[in-house]
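Take a look at the structure below. We will walk through it one part at a time.

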Amino acid sequence: MRIARFAAGDDVGFGVVDTDADSGEEFVARLSGHPLLGDIKPTGERAKLDDVRLLSPVLPTKVVCIGKNYAEHVEEVKHITGESTEEPVVFLKPSTAVAGPYDPIFHPQVSERVDHEGELALVISRPCREVPRERAADVIFGYTVANDVTARDLQQKDKQWTRAKGFDSFCPLGPWITAGLSLEEVQDLGVTTTVDGEVRQDGRTSQLIHDIPDIISYVTSFMTLLPGDVVLTGTPAGIGPIEVGQEVSVTVERLGTISNRVVTRD
Ligand code: MG
C-alpha cells in the first residue's frame, strides 16, 4: 500500500495512491485520521494524482542517517570523512531539512559544492528503543525514497556534519510511504540517482554494509525512535555535485521516484 500526504487547495491530508482499473489513471483515495496512529478509514473522496500536490509523506521529529554504508562509496569519500569504522556512522538531519518529493532544493550561497546522495529510507511506526535485530521489522511502518543532500565542502571544513547536511530542503522525501513490504522484499532494491537524466548513482540495497536490522538495532541502542521518524540507510557510490538549474531524481525500485530542482533562494 502506498500512503501519500498531499495538499489539494487549502486542504492537507493522507491518502492511498492507487491505479484505476478502468482508466489506468493513478488517483489518491483520501483517508481520515493519521496512518501512524492506526486510525485511518477511507473517506470515499478521490482525486487524480495529477490534481494534488504531494508533500513529504511524513513529518519526522528527527531524521537519523547512516553514513558510509556502501563499500564503494566509503572509498570515494575516504579523503573527506576518514577511514571506515566497524560500527555504523550515525548523524542527524533536523526535521526542518525535510522537503516534499518535487520541492526545490535551495543551494546555499555559502557552499561551492552541493552533492546528491540517493538513499532508501525507513519510516518508524512506534516508539522504540533497544530493538533486537529480530524485532526490527516490527518497528518499521514502511519505506520511502530520500536524497541526503550534502554541502560537501562544508562537511570537509566543519568536521561536524550538522551544517553540511542540515540546510532547509536538504532532505527531500517521498513520493509516498510504501507499507506492507517485508524485509526480504527490500533487501535487493535498485537505488538510482540521475541529474538532468544522466545516471550518477546506480547501486543496490544488497550492497549495504550494515543491513536494516543492524541499523535499527544500533540506532535504538542509544536513541529512542518515535513514530514517523525517518532513518536513511546510506548512499551508494557515485555521489557528485548538483548545480543551480539542474534537476536531481532519486529512484528506489518498487518505491518510486523523487525529483527536485536546485534553485537559489531569492
Ligand atoms: Mg547519506
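Start with the largest pocket. By class, its lining has five nonpolar, three polar and two charged residues. Among the lining residues are Leu 183, Val 186, Ile 212 and Pro 213. Glu 184 and Asp 211 line the pocket too. The space inside comes to about 160 Å³. Keep in mind that this is a predicted model.

Three strands form an open sheet, in the order 13-10-18, and the pairing is antiparallel. Strand 13 (150–151) and strand 18 (240–241) stand at the edges. Each has a single partner strand, so one side of each is left without a neighbour in the sheet. Strands of a sheet pair through backbone hydrogen bonds. Strand 10 covers residues 114–116 and pairs with strand 18 over two bridges. In one of the pairings, His 116 has Gly 240 of strand 18 as its bridge partner.

Glu 117 sits in the loop between strand 10 and strand 11 (118–124). Asp 148 sits in the loop between strand 12 (140–147) and strand 13. These two residues are 31 residues apart, and the pair links distant parts of the chain.

Are Glu 117 and Asp 148 buried or exposed? Buried means under 20% relative accessible area. Glu 117 has 4%, so it is buried. Asp 148 has 0%, so it counts as buried as well.

Methods. Residues are numbered from 1 along each chain as its sequence is written. This is a predicted model: local features need pLDDT of at least 70, side-chain atom pairs count only at pLDDT 80 or more; totals for chains, interfaces and linings use all residues. Side-chain values use heavy atoms; hydrogens and water are left out. Two strands pair if DSSP finds at least two bridges between them. Helices (H or I, at least four residues) and strands (E, at least two) are DSSP runs, numbered from the N terminus. Buried means under 20% relative accessible area, exposed over 50%, partly exposed in between (1.4 Å probe, protein chains only). On a 1 Å grid over the protein atoms alone, a cavity is a set of points where a 1.4 Å probe fits but cannot get out, and a pocket is an open set with protein on both sides within 12 Å along at least five of seven lines; lining residues have an atom within 4 Å of a point. Grid points are joined across faces, edges and corners, and a volume is the space filled by probe spheres set on the points. Ala, Val, Leu, Ile, Met, Phe, Trp, Tyr, Cys and Pro count as nonpolar, Asp, Glu, Lys and Arg as charged, and the others, Gly among them, as polar.
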